[in-house]
Amino acid sequence: MALNPVLGKLVSKRVVLASASPRRQEILTNVGLRFEVVPSWFKETLEKSSFAAPYEYAVETAKQKALEVANRMHVKHLRTPDIVIGADTIVSVDEQILEKPVDKQDAYRMLSRLSGKEHSVFTGVAIIHCSSKGNQLETEITDFYEETKVKFSDLSEELLWEYIHSGEPMDKAGGYGIQALGGMLVEYVHGDFLNVVGFPLNHFCKKLAELYYPPPKHTVQHIKHDSIPSVDTFENLSDGESESSNFTEHKGAKKLNSSSMCPSRPVYNCENSSSVRTDSMVPLGNQNGASESAAKLPSKIVDLMDGFKASKALFVASKLKVFDYLKTKGPLKAVDVANEVGTSVCGTERLLDACVALGLLEKTSQGYSNTDSANTYLTSDGEYSLHGYIIHSNDHLWPLFTNLESAVREGSRQNHRAFGRKAEDLFKDYYHSQEVKQRFMAAMHSIAHLTARDVATAFDLSQFKSTCDLGGCTGALAHELIQIYPNMKVTVFDLPEVIANISYFQPSEQCAAPVTFLSGDFFKDNLPEADLYILSRILHDWPDERIHVLLSKISAVCKPGSALLVAEIVLDEQKTHPARAVLQSLSMTEGKQRSGSEYKQLLEKYGFTDVQIKITGTLLDAVLCFKKNLSP
Ligand SMILES: O=c1[nH]cc([C@@H]2O[C@H](COP(=O)(O)OP(=O)(O)OP(=O)(O)O)[C@@H](O)[C@H]2O)c(=O)[nH]1
């Protein structure tokens, strides 16, 4: 399925997501959908026992959430949205519906019920197309649901309470978040993972494709608005239901006026996870008079045009420590954030709204708060904080990239233009100013910490008893190695100026076998003895002459059978992917990014054999090679 054209159909429309769920916002933002967030005020209080099946409850709740927002926006004389999307996620186990726990005891009740069993997660979704006729809101509703089966392991009391005390269960259906710590409870998932997280993206795209690219006319089964629905799509409407506006909706499955907002017993059967109304809909592409042959929006190019604004919004919010304040004090109104960070209220409000649009923050009537990923990655003390690298990107890379045109024209680094200092002084700069040095170390630490597990586990390194991480900076990778290979002794070898500043970055709990830090210059000084040497994110930075010095030294000190692990982004053979590596090259360091065959060739030149390359699919790939045994 070509996704972009489907989502592209929504580009010119005012799309509203009637949900406060940061996960839903993130899932839709990630695929490039542009939308406003207007959380629904609909209370999830429909009588569960009146629904024949749990998914009917989820679909009806999703619909009522979306209708409440559509109606509110219309009544308030705001511009009526074109499309409102509502969703509701529930867990069903032993014929019970579980929603979000109200407190820790409730979370305990839910999780212990799920322990050791398979359950179903249903997300109901409603897509409401709105239009205004006179003063009346008219809506066309498409709804569907998706089911995913999830099985939990047996959960011990201790694990259960530890998980509950993490706070994660509280805003999540069934009391767990499969995308985070809750993932550890799960034995298997059958079906759409994102459906469990809160939004069945795949089914949603298929639904949009059905709506916007209907099958050729002769295959469409038109249902006349006044026709009697067929028995397999509608349940008996006569059991006590009057012919209310809801009845009209279900009978005709088309137009609703705004008075049909009240939830009432569902009267239709949404079997087969697809709305009974869909087939009867007019192809929407033609509704606003928009021609099908109109130029398709080049969403990728539009995103690239806006990309720098998005990056800068992230950088500025990070620099102002917005995410830190919101983590400890949120939700906060724009004026409170402005007071905390000492900025203008109007500027801050725009910045915060931009962060919401980018999926970094969420906005509710109480104010702005962090999304889960902002707490993890954007706060300066987040578990996998990228704060250091973001500040480095703003303060160092941004000025360099501002001069990219000159860099390309001249084929050289632009430090002199960006910072008034020559490129050769780069490292002197880093280590002479305490502030710049710490910023640089924080940047290196954040990436090293985030990638440490991928690098440490790319190959089984348990055979190596001693490892030396050359240029290992704060020891983020070294600490991870010790965690994974408890028998390994790890030394970090780096410049004295670096080693003098590592204390801030050490993990709080003391590891049983601590990392050894040794000062030295790997171009000049003797290297410590080790079975395994590591060069993580080093080679791409240096010119060939320096690499020659370094690899010759490592090769000389390596005993036969010892190994070298190189962690870098490995380019494809065309040297155009991954984009991160190619874009990094634009900063015009004297070093270069290499393909797998180039690394192989380079390492073999220095006496290493059996070169194995592991493309991890994450931020860093790994290359392992062994020092050749001497010929007999
Ligand atoms: O594994 C996961 N399961 C569920 C979730 C999140 O749980 C909630 C479900 O609640 P609901 O559908 O009622 O949605 P709300 O968050 O209340 O937002 P609305 O404004 O749309 O009502 C949902 O946020 C899921 O994302 C999860 O994160 N992981």
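In what follows, Ala, Val, Leu, Ile, Met, Phe, Trp, Tyr, Cys and Pro count as nonpolar, Asp, Glu, Lys and Arg as charged, and the others, Gly among them, as polar. The model is predicted, so local features need pLDDT of at least 70 and side-chain atom pairs count only at pLDDT 80 or more, whereas totals for chains, interfaces and linings use all residues. Residues are numbered from 1 along each chain as its sequence is written.

**Ligand shell**
- The ligand is surrounded by 24 residues, of which the closest are S19, S21, R23, I178 and G198, where a residue is near a molecule if its C-beta atom, placed from the backbone, lies within 6 Å of it.
- By class, this shell holds 8 nonpolar, 8 polar and 8 charged residues.
- Helix 2 (22-30), strand 3 (83-93) and helix 6 (193-197) each contribute at least two shell residues, and strand 3 provides the largest share, 3 residues; helices (H or I, at least four residues) and strands (E, at least two) are DSSP runs, numbered from the N terminus.

**Helix 14 and helix 18**
- The axes of helix 14 (residues 387-402) and helix 18 (residues 434-457) come within 6 Å and cross at roughly 130°, the axes being lines fitted to C-alpha atoms over the stretch in contact, with angles from 0 to 180 degrees between N-to-C directions.
- Helix 14 is therefore oblique to helix 18, given that angles under 35 degrees count as roughly parallel, over 145 as roughly antiparallel, 65 to 115 as roughly perpendicular and the rest as oblique.

**Whole chain**
- The protein chain has 23 helices and 16 strands.
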